[in-house]
Amino acid sequence: MLSHRLPSRTQGLDWPAYLQQRAAETGDPALQRFFASGCIDPDTPIGEAPLVAVDLETTGLDAQRHAIVSVGLVPFNLKRISLAQRRYWVVRPNRSLSDTSVTLHRITHSEVAGAPDFSAILPELLESLAGRLVVVHFRHIERPFLNEAVKARLGEGMRFPMIDTMSLEARLHRLSLWARLQRWMRRPPVSIRLADSRRRYGLPDYQGHHALVDALATAELFQAQVARHYGVETPVGKLWT
């Protein structure tokens, strides 16, 4: 099996080279098309980047033990959100839903019983992501869960650059000198959860834990973050991870 390591020169920063390498190595046609669509240059201004907000709802937080139950995505740019191109899928996990999961996501046992396996939506999902820069809120869910779900079905995983709106909030409210001073004074840290982050920008409250709604909420949050703290000329390489 291929190791799929990121190029050692940058260990995770040279995404264009990594995707080019994967396009040449992968044995799956759908993955090959996805990787061959490439990656925008890190110096590209964020205002010129085609974006897509993605959210996953899962049965838990451990990608090794839990599974995806729904996927939502919304293409957008800094001026417009393309709701007409939105996508939403409920998929059947390989383990029974817990009562906690049903309560949190409001996706029932009967819904997942009649839902397709993740493999059935994978070609359309890859097509929707191809050529776009993915924006998420908390990449430590979306990145490992997507990788594990693809690996389980195709025998090889997938990684690609992401902009993490939670990470951008952390830079401002957890890693800054002021935030460190607040911690030294034993003040409670500022919440960087999606709903709390949106409120700081005057964005409305949405019902959370729905993959499509949270994808839309993430797209709006990123637009607000760029408008307030960055600017349309900011290189994407300063924002992605």
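The largest pocket has a volume of about 740 Å³. Please keep in mind that this is a predicted model. A total of 29 residues line the largest pocket, and D55, E57, R193, H209 and D214 are the ones nearest its centre. Several elements each give two or more residues to this lining: the strand β1 (51–58), together with the helices α3 (99–105), α6 (139–154), α9 (194–200) and α10 (211–229).

The second largest pocket holds about 210 Å³ of space. Its lining has 16 residues, with H66, A67, N94, A149 and R153 closest to the centre. Here α6 is the main contributor, giving five residues to the lining of the second largest pocket.

Here is how the two linings divide by class:

| Pocket | Nonpolar | Polar | Charged |
|---|---|---|---|
| Largest pocket | 11 nonpolar residues | 10 polar residues | eight charged residues |
| Second largest pocket | nine nonpolar residues | three polar residues | four charged residues |

Let's turn to α10, one of the elements that line the largest pocket. How far apart are the end C-alpha atoms of α10? They lie 26 Å apart, which agrees with the 27 Å that its 19 residues should span at 1.5 Å a residue. Is α10 largely enclosed or exposed? Taking buried to mean under 20% relative accessible area, 15 of the 19 residues of α10 are buried, so this helix is largely enclosed by the rest of the structure. Just after α10 comes G231, which takes a positive phi of about 135 degrees.

Note on methods
Residues are numbered from 1 along each chain as its sequence is written. This is a predicted model: local features need pLDDT of at least 70, side-chain atom pairs count only at pLDDT 80 or more; totals for chains, interfaces and linings use all residues. Side-chain values use heavy atoms; hydrogens and water are left out. On a 1 Å grid over the protein atoms alone, a cavity is a set of points where a 1.4 Å probe fits but cannot get out, and a pocket is an open set with protein on both sides within 12 Å along at least five of seven lines; lining residues have an atom within 4 Å of a point. Grid points are joined across faces, edges and corners, and a volume is the space filled by probe spheres set on the points. Helices (H or I, at least four residues) and strands (E, at least two) are DSSP runs, numbered from the N terminus. Ala, Val, Leu, Ile, Met, Phe, Trp, Tyr, Cys and Pro count as nonpolar, Asp, Glu, Lys and Arg as charged, and the others, Gly among them, as polar. The expected span of a helix is 1.5 Å times one less than its number of residues. Buried means under 20% relative accessible area, exposed over 50%, partly exposed in between (1.4 Å probe, protein chains only).
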